[in-house]
Amino acid sequence: MQQGDPSGQELVRAMPLKRIQQRALEFLDSKDDRGVSDAVDLVISQGAYHGASDVHFEPWSDYCSVRYRLDGILQQVALLPREYQPKIIARVKVLADLVVYRKDMPQDGRIDREKTTCGRPLRVSTVPTIKGEKTVIRVLGDMQDLYTLDSLGFQPEVTEELRAVIVRSQGTILLTGPSSSGKTTTIYALLREMMALQNHTTNIVTIEDPVEYSMDRIAQIQVNPHVDFSFVNALRSILRQDPEVIMVGEIRDNETANMAIQAGLTGHFVISTIHSGTAAGVFTRLLDMGIEPFLVASSVTGVLAQRLVRLNCPDCTARYKPDPLLLSHFGGTRKSARFYRGKGCEACKDIGYRGRASIGELLMVTQRISEAVLSRPTTSSLQDIAVESGMETLAADGMKKALKGITTIEELVRVLPALA
């Protein structure tokens with residue numbers, strides 16, 4: 001992908017989604033030797049310009065399907081002739097320095113920004129399926145793409161509590177939520193805030209899989225399982241490098257969990273993620289992983305559970321009445337409550353939503369929470385204590401946004417855990 005490609009300005013500006021298939025077919029059907037290359041360049045570049053987080057090339061029986069993940073939802077943008085699928089995947093593999101002829105095993109690679117017309121680095125993953133290789137391209141970013149803490153969408157009181165936490169000299173803050181719930185974005189916003197508050201005098205080290213954003217003045221480490229360089233091995237090594245802030249991309253096992261928790265007790269500030277449905281569920285998860293209750297109670301400062309909800313398109317938002325059955329999930333609302341949703345317009349590509357924001361519940365470890373953890377509580381009992389202590393749940397935060405016309409009840413039902 002070079003800026004001088006014959007496709008001209010089409011590769012460096014956004015075009016309507018409905019035109020991408022037509023233009024890609026024109027490239028593929030041309031007699032030009034660069035037809036496949038230009039089609040691939042076009043599809044990837046347009047995905048980046050439209051704000052897609054991922055570009056999917058998937059072999060179907062009769063077509064090669066192209067889909068963009070826009071605001072968390074896959075959108076079909078093109079169906080290309082099946083015979084071009086092997087050439088399309090081969091082109092992507094060449095750019096990502098993968099083995100083109102190996103079609104029987106998964107491969108992972110990276111395309112540097114210098115090889116892209118959109119100027120964004122890309123992460124590539126291929127896996128064999130019964131119909132051919134499926135390829136997913138993640139569009140990565142840089143420091144200039146990072147969000148600020150205030151722009152993530154959390155309630156102001158949650159943002160202020162997070163700011164109060166990250167100025168501490170030690171402790172552990174954990175983020176939880178399913179994949180693609182914005183945890184990594186929030187972590188980078190926290191790191192960016194810490195750098196600004198402490199005037200770049202802090203030694204910050206991250207361990208990631210993979211490194212999704214490149215940041216200056218931070219030592220970013222990417223794990224490599226092929227040489228046994230795992231999260232726990234990297235964490236063990238960096239503890240000898242005088243870090244003050246340690247970010248561990250994900251706690252996946254007992255050993256990593258134990259080392260991260262211990263680091264939070266020994267003069268380090270640790271930020272990490274762990275999979276759980278709610279903030280209270282994180283404590284149960286850690287205890288189930290074999291971490292001693294007194295270590296959890298002493299080290300963990302707070303837990304943030306979050307989700308990303310799609311926002312109503314401001315250009316086509318109109319009042320509507322949600323299904324009463326959906327409202328019952330949130331305990332019902334007063335009759336005077338008004339709800340809004342986007343009807344669909346050109347600005348939102350007829351989807352009705354445009355952009356996303358975070359909803360979150362922040363469980364701060366108070367004396368009462370700490371004492372409860374020592375007795376190995378159930379998730380529900382710890383959740384009740386947290387709510388009594390003032391924690392606003394994911395459902396409550398989401399309902400506030402729905403009542404303000406920011407999002408819809410349907411979107412809340414889609415992203416919130418069953419517990420809500």
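1. Which residue in strand 2 is the bridge partner of H56? The partner of H56 in strand 2 is R67. The model examined here is predicted, with local features requiring pLDDT of at least 70 and side-chain atom pairs counted only at pLDDT 80 or more, while totals for chains, interfaces and linings use all residues. Residues are numbered from 1 along each chain as its sequence is written, and side-chain values use heavy atoms, with hydrogens and water left out.

2. Strands (DSSP runs of E, at least two residues, numbered from the N terminus) form an open antiparallel sheet of six in the order 3-2-1-6-5-4. Two strands count as paired if DSSP finds at least two bridges between them. Strand 3 (73-81) and strand 4 are at the edges with a single partner strand each, so one side of each has no neighbour in the sheet. From one strand to the next, the twist averages 20°.

3. A hairpin of three residues connects strand 1 to strand 2. Strand 2 is also joined to strand 3, by eight antiparallel bridges, and S65 has L79 of strand 3 as its bridge partner. The hairpin between strand 2 and strand 3 has two residues between them, and D71 in the turn has a positive phi of about 50°.

4. Helices on this sheet. Helices are DSSP runs of H or I with at least four residues. Helix 1 (residues 17-29) lies across strand 2 and strand 3, at about 25° to strand 3. Helix 2 lies across strand 1, strand 2, strand 5 and strand 6, at about 20° to strand 2. Angles run from 0 to 180 degrees between N-to-C directions, and axes are lines fitted to C-alpha atoms, for helices over the stretch in contact.

5. Helix 2 against helix 3. Helix 2 (residues 35-49) packs on helix 3 (residues 85-95) at an angle of about 70°, and their axes are 9 Å apart. Helix 2 is therefore roughly perpendicular to helix 3 (the term covers 65 to 115 degrees). In this contact (heavy atoms within 4.5 Å), V36, S37, V40 and D41 of helix 2 meet K87, I88, R91 and V92 of helix 3. By class, there are four nonpolar, one polar and three charged residues.

6. Seven strands form an open sheet with mixed pairing, in the order 11-9-12-13-8-14-17. Its edge strands, strand 11 (219-222) and strand 17 (353-364), each pair on one side only. The twist averages 15° from one strand to the next. Strand 14 (residues 300-312) and strand 17 run antiparallel and share 10 bridges; L304 has L362 in strand 17 as its bridge partner.

7. Helix 8 (residues 279-288) lies across strand 8 (171-176), strand 14 and strand 17, and runs at about 135° to strand 14. Helix 13 (residues 394-403) lies across strand 14 and strand 17, at about 145° to strand 17.

Terms used: Parallel < 35°, antiparallel > 145°, perpendicular 65-115°, else oblique. Nonpolar A, V, L, I, M, F, W, Y, C, P; charged D, E, K, R; others polar.
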